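Have the sequence and the 3D structure open beside this text.

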Amino acid sequence: MTRDITRRRLLRSTFKGAAVSLSMPLLDILLNDNGKAFADTGLEIPVRFGTWHWGCGMNPDRWVPESTGANWEMTPELEVLAAYRQHFSLFSGYTAPLDGRANEPHISAVWSLRTGYAPTNKEDLPDPSFDALIARAVGGGVRFRSLDMAATGGHTDSYSSAGAGAVAVPELTPLSLYTRLFGPGFRDPNSATFEPGPDIILRHSVLSAFGDERAALMRQVGAADRQKLDAYFTSVREMENQLALQLKEPAPALACTVPSGAPAESRPSTDIEVVTESHKLMVDLTVMALLCHQTKVFNMVFSPSASTLRKPGSADTHHILTHQEAVDANLGYQPESTWFAQKSLEGFAYLMKQLAAAKEGDSTLLDNTLVYAHSDTSFAKMHSLDELPVIIAGRAGGRFKTGLHIREEGAPVTKTALTAMHAMNVRAGSFGKGSLEVSQSISDVLA
Amino acid sequence: MATFKILECKSATTPRAWFAYLLLVVVVFLGNQAAMASTGHDDIVSLRRLTQEQYRQTIADIFGDDIEISARLEPDPRREGLIAIGTAQASVSASGFEQYDAAARQIAEQVTDLAHRELLIGCKPVNTQAADDRCARTFFSRAGRFLYRRALNEAELERFVGIARKGAKVGKDFYWGLSLSLSAMLETAPFLFRVERATWQGDGYRLDDYSTASRISFLIWNAPPDEALLSAAENGSLRTDNGLHREIDRLLASPRYEKGVRAFFNDMLALDDLLALQKDPTIYPRYSAKLASDAREQTLRTIVDTLLRRDQDYRAVFTTRHTFFSRALGFLYSEPVTSPSGWEARELAAGDPRAGILAQPAFLMAHSHPGRSSPTLRGKALRELILCQSVPAPPPNVDFALVQNVSDPNFATARQRLTAHNTEPMCVACHKLMDPLGLPLESFDGAAGMRMTENGAEIDLSGSLHNQSFIGAAGLGATLAKDGAAASCLINRLYSYGAGRAPEQQDSERIDAIYEQYAERGFNLTKLLRTIALSREFYSPPPVEISADQVAIQQGDKS
């Protein structure tokens, strides 16, 4: 859980046997949103944030460069990203210490990294993920505080949590993402006419009054229900903000081009060719959503932690392969599993390519974005918690340095998350619990 | 476990002053003293988000099943084995609220449109182009009582009448205002969540009358209370043994009970997973999304047939030869289905290995890999879903190299591969819980196709459960049909499903007692449900945990 130095309320409670420090209710933070300047003035270019996850890791000895700093040598498994090496920094050696808790395969590392708390199972997620904390801080002033997507189409394929087990519900197909972004409720920021209908005005005023109920209800419920109500009223507030934006003349978004039509309806599939295609369409829509000021934060899951990717005609998923496939004696690695990991990373290369291709004034969208890419393990066969792969791309509007390889053997992986928060200008004093708690970010990459 | 319980917070030193203050705060807040008389002494002990099915059923019950809801609703989360528990822990996400918003507006537009308003509004405005508080009030007090599953208090009623008034003035249309206000009501917490309130009675909580009514109707019908049940809550008759008996028996006798039974087993057996199931089409060309959804329907029909039509012991679902085929299923079973309705009742021949719900494609397909059967996944599902036992996750450094290596002729069958895998001591401990229950089902591939061999080798179908050995799916079904754990699991799940939480100590004692009560007589679903719905413990929720900062807030309220 983040410690907000200035506004933290030091109230400790025992909840379900675990010590938890309850920070301010989500809604109170949102009420003091500092993300509005942009929508009002239209002058500043906003800094955006994204996460990108692929399942089942990589092979550390083919991934990690020997040298650190700016002149790190290209390695076989990073080659797929070589064209963008000046647009990202690489982090190696980081680990997820579990303080004696069992390593729950495909759960422990990914959630330790995201929330700073090592869960005992996937129902044990008390704290918000760092991407959600970033979204709270910088995600306001646009229609959607964050966009969650799963290219593999599983409705539980998500690693973003608002806390108290409230894991984000992802969009599963390009069409559903398109409809949410550019369907009813979308207003072209560059449209010549601006005239909010009376229904928007009224619906906004009706929703504004919803908060009046909150205090009375809050007093009558126990701790767990209180967190739930808080999340519910936060969602009401998000909707209210969406309507409020529709009442204001939008700031022009010069780089915004509204997609000309909806993508075809598709059924989610774990077939890697279908996933790759869905991912491309979702990335393209995300880029437009960022340029058209519909959102500033996104979470993309290319494949879930126990990767469900498969090739047509094969009985084995990527995850199954990581366990069953023999290490090829000549190659020194598992060729099929590695093929899936590499195909996944091609997806990340595509994301960087599209962000870099989108111009915003003198800079590119990638320059004004920070994308945190990671997996749930390093060597998947053993569900390793060491050498967790982390890549952070984009320059966060000049606050993040790219092109570097940073290596800290055995340091908690939460340090990379805190660094991302600081690069996004989020005032977090510390992040994580137990051995995952960190209070220092990696200064070498912060400008 | 150190927890703050409301019990402590309410001990002798504080309660009256605390309540008096709370009452005052809320009364001042709402500006209406009368509104608080009925609810001020209650605490909210749980908030249970409506499932997608409950949401749709509620709208159909109140406004008719021709009201369309095309919006996707928030997915139902599963916790501790049940969606009924998951929805008691879930909130509403930002994207979920957008979906509720879209659904609410779509519903409200239809309810107030020309085709429906006459029937559904129940009154006419003096002037359709102006506000009409009287008619709006009539509508919201009636519809609101069903939507909130309780009567609205005066402040709530005034709020919705007020929104309708404002909308009518702005839009110069009474129905437009009504629609605006109804869609707002459909987005409020008391509609989206089943708010369970309870009264502290010195030694524990007791659900209030309305919450009791909702528990009964969602347990038996998976739907909100109807007029008669709400009236029984309001006139106090649910507090009497006779009144409670009468209502429970009325609900169990209703045709709507069947929907409730389907909803329960859909939850217990995780059948909704079939709606998102994927299989590799090159390996299983017969598989389709339609086959998966028909398989789900087949299992539900079989359960309803066995437990309601034939009124048998619950465990007969594991052996019944009565089944139902759609066209897609007929193809899988090589039994042509010609009836125009698409569904035909069939009786399998004695000894047919496909008897019982575990040998049906729903179970077999859902608990397999996309391109391969899995005795381990099937065994695990059986332990968890049917026997209420949990199987630990595999250790992180496990080596699966042999399990799926089908190219080695020494490991042609899953049993051979698992036997080799289980020479590892760290694997065998858990696999012996799962594999002996899944291996007897190996005569069915990952898409439920029948087979005698795997990779050319004959399949050994022997298995065991609780030291009972048997052969094949039929042997597994027959063993489960006598198994105590399967029956006890049903009672556990029914109870948790109704209560929205895993059993605590007092509940477990009650569950054990119910098991003993029926052990000799057979486990008849309807009788079990009736016994649970009649037990006092079922309406006595445990104290809720409150956090230290909440105590601080409450103390702040008092100061």
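How many Å separate the centres of domain 1 of chain A and domain 2 of chain A, taken over C-alpha atoms? The answer is 30 Å. This is a predicted model, in which local features need pLDDT of at least 70, side-chain atom pairs count only at pLDDT 80 or more, and totals for chains, interfaces and linings use all residues. Residues are numbered from 1 along each chain as its sequence is written, while chains are lettered from A and ligands numbered from 1 in the order in which they are written.

In chain A, domain 1 is made of 28-188 + 258-445, and domain 2 covers 195-248; such bounds come from an automatic or database domain assignment. Between them, 10 residues of domain 1 are in contact with 10 residues of domain 2, where contact means that the C-beta atoms, placed from the backbone, lie within 7 Å. The mean pLDDT of chain A (the predictor's confidence in each residue, from 0 to 100) is 88, and 90% of the residues of chain A reach 70 or more. Over residues 1-42 of chain A, however, pLDDT stays under 50.

Chain B has 26 helices and nine strands. These are DSSP runs, numbered from the N terminus: helices are H or I with at least four residues, strands E with at least two. Of the 559 residues of chain B, 48% count as buried, which means that 20 or more other C-beta atoms lie within 10 Å of a residue's own; 12 or fewer make it exposed, anything in between partly exposed, and C-beta atoms are placed from the backbone.

Now look at helix H14 of chain B, residues 241-253. Its buried residues are B:Glu247, B:Ile248 and B:Leu251. They cover an arc of only 95° around the axis, so they lie on the same side of H14(B); the arc is that of the directions from the helix axis to the C-beta atoms. An α-helix has 3.6 residues a turn, so residues three or four places apart point the same way. Among the elements covering the buried residues of H14(B) are helix H12 (209-221) and helix H25 (525-534) of chain B. The face turned away from the buried side of H14(B) carries the exposed residues B:Asp241, B:Asn242 and B:Ala253.

The loop between H14 and H15 of chain B holds B:Arg256. Is B:Arg256 buried or partly exposed? B:Arg256 is partly exposed, because 17 other C-beta atoms lie within 10 Å. Leaving aside neighbours within four places in sequence, B:Arg256 is in contact with B:Trp221 and B:Ala223.

Methods:
Expected span 1.5 Å × (residues − 1). Contact = placed C-beta atoms within 7 Å.
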